[in-house]
Amino acid sequence: MFPCTPPGTGIYDEMLLQDGSVREHYAAYWKWLNQRPLEEMERKRREAELLFHRVGITFAVYGESRGTERLIPFDSLPRIIPAQEWSALEEGIRQRVLALNMFLHDIYHDQRIIREGRLPAEQVFGNAHYQPCMQDVNLPNDIYAQISGVDLIRDDSGNWFVLEDNLRTPSGVSYMIENRRMMMRLFPELFSTNPVAPVDHYPSLLLETLQQGSFVSHPNVVLLTPGRYNSAYFEHAFLAQQMGIELVEGADLFVKDGHVFMRTTAGPQRVDVIYRRIDDDYLDPLAFRQDSALGVPGLLSVYREGNVAIANAVGTGVADDKSIYPYVPDMIRFYLDEEPILHNVPTWQCRNPKELDHVLHHLPDLVVKEVHGAGGYGMLVGPASTAEQIAQFRERLKARPDNYIAQPTLSLSTCPIFTAAGIAPRHIDLRPFVLSGRDIRMVPGGLTRVAMQQGSLVVNSSQGGGTKDTWVLEEPSC
Amino acid sequence: MRLTIEHRTEYRYEQEVAHSTQYLRLTPKSSAQQRVLSWDLDMPEQASRSTDAFGNVLHVLTLDRPHDSISITARGEVDISDVLLESEEQRLSPLVFQRFTPITRADQEIKDFAARFSGQRSVSQMAALSAALIEKMPYTPGSTIVTSTAAEAFHAGSGVCQDHAHVFLSCCRVLGIPARYVSGYLCTDDSNHVASHAWAEVWLDGVWQTVDVTNQVITPSHHLKLAVGLDYLDACPVRGVRYGGGIESMHAFALVERSEVPAEQ
């Protein structure tokens, strides 16, 4: 048998049961793996690393020495989701993203959810990500988040929870695609014996979604990147190339006569849709941060007139903010008159004195996050912190309680990875990518992120996390 | 009262500018307080007109050929009524104006000062805040620069209308009262006085109430409003970005005069 470290007790493992036997949907893979010597898998691991270096998949890490680029660790043991489980998840994700887009349309128009008392007004209008410039701006199909990344985790019983909704510029989809390509290259035989649902058509779905987000019929679409020093620059270049559209920086675009133009060697060319991978704050130095050299002066005025589409829309950040997250299940009830299919992680809002009190008394057991934070920065993982770290965080929390929320430390499910000594369990999450145009479309699965250190719960690539290929097994056709 | 306005803004650049884009908020809107009779903008090229987030008239001027100066002149005639309160169809929630911006962020000094005016939310309380503020930071041209923040000006203990408005907004926001920046013109009897002006409006009892800290006025009768926003950057008459040009010199000239109003028929 392939050398194997069993899953930890009280933790849900995607592949193995507590008694060491394998879950049914992993049976075929497990059989295949047990015919492989450990050395072969180690050789494949080195081959994958070499290939990724050649493709150039890297990730710049903030806080390390300037210009550091690092390979995101890739693990070749797939995370497998059975078809039935996926279809239930997919239904839940669609429901959630639909409600979130309806929420954004509502708060930027009639604000029904506030007038009917379901959400405190100051939670929305006092939020720095609520953009006054979006009031009464009409968008094609009333869609604000064309591209969403919904982060999902499972607890020790295997129940799914939404950890956060990413509605600004979610990244990682290039790894989903490249991981699959790598797996097909390393282990082609696996794909003839396992009915793995394809993901390679994501770029064409994305392009269709972006085109549907325009008021014109044959729109010129570009991808706006902050440039090569951005941590996700590889992904920007990758997606532009896959979609066959121009990759541009702010200085390549300008505004004139109420439209946006791209400078080309053949003269100015009109731009109809901008898939932007820069934050709201940097889009237009005349409307937002004036020190931004990344954006396009005048862009907001063209956007408000409906003469250019921006994906995702300006102002989506108010809906994926951690202070709004606790209200999402009720949004689903309010806008869709349905019960939420996917659950939220229980959340304490530290701005409420009672909830703050609870959090302060249970810090060693909780995860505390900044309300506007992302990428795993500025958070406390109680059980993994020293008494000193907790004491320091307590002071920060007391100084600005409204800046924090807290959640129980969920164990997160594990999935084995390959190590030098055989396979061993590591914690994972799942980020499916959701495309909202005239309808909602997804490719099966998404990006599985892995905390590569034993016992670690932090899966963010900015914090040293790795990735895996994610398989949704289609029902075998009879 | 009828006002005639001429407002010229000139930019000169040491070197040629390759490309520039300006947001112009140089066109007043008619409202209960003011009726615009005529208004024209003279610019080097045609600008596209739209409305911004706060309902202001916005012109976007792009010059995409080399230039070493830009001259913009606004001219018009406006009737100012003695209606005290501004009527406005604004769908944007006033709560948005409770938000701090980088310029209006309150430091501990401002927080402590504002705390003296907590309690009742009334026009008289706002007038008291305004009076205490002008005493704390007297009108002193040249004591601050255009990019000074509320905290910097308050700490310096002096400022111009822009600083007065910013500190006032900062205090209101500390107190949880929505308040907004107003850019416009003031007609004064002293013709040497700079006619471009800035003041504040606070949201009290469902209306925007004027507070002009610099002139200690809460009943505007000589104020012509151009634009409103969270702070100077949202409402300033000209805001631009340019590529190239080197050192810039700016000259603004604004003249506001009372003109004869024909007797009512």
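Visitor: In which order do the four strands of the open antiparallel sheet in chain A come?

Guide: The order is E14-E17-E15-E16 in chain A, with antiparallel pairing, where strands (E, at least two residues) and helices (H or I, at least four) are DSSP runs numbered from the N terminus, and two strands pair if DSSP finds at least two bridges between them. Bear in mind that this is a predicted model, in which local features need pLDDT of at least 70 and side-chain atom pairs count only at pLDDT 80 or more, while totals for chains, interfaces and linings use all residues. Residues are numbered from 1 along each chain as its sequence is written, and chains are lettered from A and ligands numbered from 1 in the order in which they are written.

Visitor: Which are the edge strands there?

Guide: Strand E14 (348-349) and strand E16 (380-381) of chain A are the edge strands, each pairing on one side only. E16(A) pairs with strand E15 (residues 366-370) of chain A in the antiparallel sense over two bridges, and A:Val367 stands opposite A:Val381 in E16(A).

Visitor: And the sheet with parallel pairing, what is its order?

Guide: That open sheet of four strands in chain A runs E7-E6-E11-E12. Strand E7 (246-248) and strand E12 (309-311) of chain A stand at the edges with a single partner strand each, so one side of each has no neighbour in the sheet. The twist from one strand to the next averages 30°, with angles running from 0 to 180 degrees between N-to-C directions and axes being lines fitted to C-alpha atoms, for helices over the stretch in contact.

Visitor: How many bridges join E6 and E11?

Guide: Four bridges join strand E6 (residues 221-224) to strand E11 (residues 273-276) of chain A, and A:Leu224 has A:Arg276 of E11(A) as its bridge partner. Helix H9 (residues 233-243) of chain A packs on this sheet, touching E6 and E7 of chain A, and its direction makes about 150° with that of E7(A).

Visitor: Switching to helix pairs, at what angle do H3 and H12 of chain A pack?

Guide: Helix H3 (residues 83-107) and helix H12 (residues 328-336) of chain A pack at about 80°, with their axes 9 Å apart. They are therefore roughly perpendicular to each other, a label for angles of 65 to 115 degrees, whereas those under 35 count as roughly parallel, over 145 as roughly antiparallel and the rest as oblique.

Visitor: Which residues make that contact?

Guide: Among them are A:Leu98, A:Met102 and A:Phe103 of H3(A) and A:Met331, A:Ile332 and A:Tyr335 of H12(A), contact meaning that C-beta atoms, placed from the backbone, lie within 7 Å. The contact divides into ten nonpolar, one polar and one charged, where Ala, Val, Leu, Ile, Met, Phe, Trp, Tyr, Cys and Pro count as nonpolar, Asp, Glu, Lys and Arg as charged, and the others, Gly among them, as polar.

Visitor: What about H1 and H4 in chain B, how far apart are their axes?

Guide: The axes of helix H1 (residues 108-115) and helix H4 (residues 161-174) of chain B are 9 Å apart, at an angle of about 70°. The contact involves B:Ile110, B:Lys111, B:Phe113 and B:Ala114 of H1(B) and B:Val167, B:Ser170, B:Cys171 and B:Val174 of H4(B).

Visitor: How many residues of chain B are in contact with chain A?

Guide: 21 residues of chain B are in contact with 21 residues of chain A. On the side of chain B, strands E1 (2-24), E3 (48-51), E4 (57-63) and E10 (238-244) are the elements that give two or more residues.

Visitor: What scores does the model get?

Guide: The model has ipTM 0.93 and pTM 0.93.

Definitions and conventions
Contact = placed C-beta atoms within 7 Å.
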